[in-house]
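Let's take a walk through the side-chain contacts here, one pair at a time. Have the structure open as you read.

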Amino acid sequence: MIMGACIYMKEKLESCILLYLGKMKKYANDILYRVQYMELMFHKEYSKQGERKTSSSDTDVYRMVCLRAAQNDKYFKKFRRNAIYNAILEHVPKWQGQQYLEIIEKRGGFNNKKWNNFFINDLYGYPRRYLYLINNKKIRISPTTIRYVKVLQDIQEIFGNQKFASVAEIGIGYGGEGRILISSLNIEKYFFFDIPEVLELARKYLKKCKVENKSVFVDGTDICLTEGSYDLVISNYAFSELTREVQEVYLDLVIKKSKRGYITWNRISRDNFGGYSVEELLHVLPNARTLSEEPLTAPENCIIVWGD
């Protein structure tokens, strides 16, 4: 009986310690966010556009973080650990990275040569990397990079050996997904659509990764450069976070001009900006269908594909 009580107390103590550590980590992240926010306010010159709202992430501080990293090597060196940046991107937790990895491996995975190519993504921006068992080797890699690899595998599984001469991506992060697709698929031109500050950061990142020669950067606030058509359009948690007005521009000038599509949809725009629902998108995109998001990262999330 005494032994049972001791085990119970031990488990209770461990639970309390884990809860305390979790709260302390959240508190520390909150302080870091506030400190970095205040520091940015002393550098307002980095903000070009002032008031503008094209999406849920199009905020003054996010634009300034992106511009600062693009213009200042010191900030670029660690931008993927910036607390303000992490509120928008590079916040996939370790355990979710493991879920993505298990899906990748269940489908057959990638050989070591291809994984070595994927690791290049993490050479810049100082991302948080964790140990994962990949092809029987313990490797440190960002869970966000693993998610990008899973998207690559999705595209290969869905569309087979299709040739993608021109690809458009709406909402590009720092260009990480684009780099993996450009280096893995036979892509001639990759069109990056986003707000100007994000494009500047991606341009710097992709230049360091030596894929800028295939990259075309298009200002999503003023789309005037358009192809006749695209072989593929992708957008992961981005098109579905745009305001409805901006969504309609992308639908007319990019998405409807794409032979194939892969869009990871969430409910942010629908719930906050009156954006397109899944049902509306299926109506305006002929032959489109939905796939389950695996792993499911938020209620109602799904992947909309067409052209397969």
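## A salt bridge away from the surface

Asp122 counts as buried, because its relative accessibility is 10% and the cut-off for buried is under 20%. What does Asp122 form a salt bridge with? Its partner is Arg80, and the closest N and O atoms are 3.1 Å apart. Arg80 is buried too, with a relative accessible area of 0%. Keep in mind that this is a predicted model.

Now look at where the two partners sit. Arg80 lies in the loop between α3 (73–76) and α4 (83–86), while Asp122 lies in the loop between α6 (112–119) and β1 (130–134), so this pair ties together parts that are 42 residues apart in sequence.

## Other salt bridges

How many salt bridges does a search of the whole structure find? The count comes to 18. One of them joins Lys150 and Asp154, with 2.9 Å between the closest N and O atoms. These two both belong to helix α7 (residues 143–159), where they are four residues apart, about one turn of the helix. Both Lys150 and Asp154 are buried.

Arg270 and Asp271 also meet through their side chains, in a salt bridge of 2.9 Å from N to O. Are these two buried or partly exposed? Asp271 counts as partly exposed, at 44% relative accessibility, and Arg270 is partly exposed as well, with a relative accessible area of 28%. Elsewhere, salt bridges that share partners join Asp58, Asp60, Arg63 and Glu197 into one network.

## Rings in pairs

Time for the aromatic side chains. You can describe a pair of aromatic rings by the distance of the centres and the angle of the planes. Searching the whole structure turns up 17 aromatic pairs. Among them is the pair of Phe192 and Phe217, which is stacked: the centres are 5.5 Å apart and there are 20 degrees between the planes. Phe192 sits in strand β4 (residues 189–194) and Phe217 in strand β5 (residues 215–219), so their pairing ties together parts that are 25 residues apart in sequence. Phe192 counts as buried at 0% relative accessibility, and Phe217 counts as buried at 16%.

Phe193 is buried, with a relative accessible area of 0%, and Tyr230 counts as buried at 0% relative accessibility.

## A cluster, and charges over rings

Some rings join up into a group. Ring pairs link Tyr62, Phe76, Phe79, Tyr85, Tyr124, Tyr148, Tyr174 and Tyr205 into a cluster.

How values were computed: Residues numbered from 1 in each chain as written. Predicted model: local features only at pLDDT ≥ 70, side-chain atom pairs only at ≥ 80, totals over all residues. Heavy atoms only, no water. Phe/Tyr/Trp six-rings, centres within 6.5 Å; stacked < 30°, edge-to-face > 60°. Buried < 20%, exposed > 50% of the residue type's maximum accessible area, 1.4 Å probe, protein only. Salt bridge = Lys/Arg side-chain N within 4 Å of Asp/Glu carboxyl O.
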